[in-house]
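Keep the viewer open as you read.

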Amino acid sequence: MKIRKVVWQWHMLIKTKYDTQSSKFTSRIFLYFPYPFLEFLQKPKIKIKEMALKAVHVSDVPNLDQVPGNVTLNYLHSPRVCEGVNEDGDETKSGYKFPKFVVMGHRGSGMNMLQSSDQRMKSMKENTILSFNAAARHPLDFIEFDVQVTRDGCPVIFHDNFIFTKDEGEIIEKRVTDITLAEFLSYGPQNDPENVGKPMLRKTKDGRIFEWKVEKDTPLCTLQEAFEKVDQSVGFNVELKFDDQLVYTEEELTHALEAILKVVFEHAQGRPIMFSSFQPDAALLIRKLQSTYPVFFLTNGGAQTCTDVRRSSLDEAIKVCLAGGLQGIVSDVRAIFKNPGAIKKIKEARLCLVSYGELK
């Protein structure tokens with residue numbers, strides 16, 4: 001299928017802007033492909049809910065202008081993206097032009113699913129320098145990763161709220177934000193080969209615990225290390241990670257966000273950056289604390305039950321963005337298909353829309 005048909009099917013995800021100087025409308029498409037799988041529309045139907053998706057593993061695609069399975073894609077590779085906002089909330093470009101597609105590497109080269117029979121889900125440790133640079137070798141625009149702040153104020157990259165190890169047969173669980181940087185880095189492989197790190201375990205959503213074993217293991221890392229050691233050509237989608245089960249004060253959020261911003265401003269050096277968060281207060285606050293980089297509100301859009309009403313639908317997400325001057329929404333794709341009418345509202349609100357996830 002030619003890429004022009006893919007673009008046509010997803011045109012409702014385009015943000016259109018009128019250029020008064022050229023008297024022309026310019027459009028930008030924002031698509032988020034859940035790495036390590038890229039999803040492409042196939043067999044288009046009249047109704048949006050009937051569209052089918054084809055998932056393709058990135059490692060099976062030598063370059064992104066062709067996809068196995070008799071599906072031909074053209075012009076997917078794009079220039080890198082960099083966009084900020086000024087004090088008035090309007091978009092400003094930093095020497096880069098938005099492409100038709102924005103491709104992001106989820107946790108670098110993909111998340112680890114230790115319970116999966118697919119060895120590719122256990123090929124290398126997620127959210128590590130190794131994974132980020134492996135992803136950067138593909139024609140990606142951004143890599144996405146999760147940032148938390150340790151007890152002593154250091155932003156580190158780790159997805160789960162808790163980190164697990166085993167000592168003399170006993171499973172030990174600690175909250176990442178309750179431990180120091182030194183203790184965080186003591187888990188898993190060590191940069192100094194003479195040191196032996198604590199064995200790492202991982203707890204799945206259904207409560208099972210697995211040994212965190214991957215083919216290519218590598219040390220955990222800080223946000224600063226990512227800026228210093230990851231290919232400069234790839235942008236960072238910095239997800240501000242907070243525990244859904246906790247209630248945070250503004251002081252607690254500010255402490256964490258200021259620690260993250262300090263590293264970003266000191267080490268970004270022109271790298272494309274965007275912030276995103278499922279925590280609405282964090283998303284709103286980081287927009288107040290800075291206006292250099294765009295902020296996106298992450299939401300499952302009602303695809304899953306949330307106690308915070310602001311995360312219950314795309315309509316609520318629009319309200320959050322408009323109230324706080326955010327630049328866009330990152331939504332579970334199931335919510336978009338469930339409520340396609342929200343796309344028009346998002347466009348009318350002059351917000352960008354990014355999708356994640358896959359249809360099953």
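Start at Phe 275, which touches Asn 237, Val 238, Leu 240, Ile 260, Leu 261, Val 264, Ile 286, Gln 290, Tyr 293, Pro 294, Val 295 and Phe 296, leaving aside residues up to four places away in sequence; contact here means heavy atoms within 4.5 Å. A word on ground rules: this is a predicted model, where local features need pLDDT of at least 70, side-chain atom pairs count only at pLDDT 80 or more, and totals for chains, interfaces and linings use all residues. Residues are numbered from 1 along each chain as its sequence is written, and side-chain values use heavy atoms, with hydrogens and water left out.

Now zoom out. Phe 275 is one of the residues touching the most other members of the largest nonpolar core, which has 55 residues; Phe 132 and Val 264 are also among them. Such a core is a set of buried Ala, Val, Leu, Ile, Met, Phe, Trp, Tyr and Cys residues joined through side-chain atoms within 4.5 Å, buried being under 20% relative accessible area with a 1.4 Å probe, protein chains only. Helix H5 (residues 250-267) gives this core its largest share, 8 residues; helices are DSSP runs of H or I, at least four residues, numbered from the N terminus.

H5 also packs on helix H6 (residues 280-289), at about 55 degrees with axes 10 Å apart. The axes are lines fitted to C-alpha atoms over the stretch in contact, and angles run from 0 to 180 degrees between N-to-C directions. Among the residues making the contact are Leu 257 and Leu 261 of H5 and Leu 285 and Ile 286 of H6.

Finally, look at helix H2 (residues 129-136), where 6 of the 8 residues are buried, including Phe 132.

Key
Buried < 20%, exposed > 50% of the residue type's maximum accessible area, 1.4 Å probe, protein only. Helix = DSSP H or I, 4+ residues; strand = E, 2+ residues; numbered from the N terminus.
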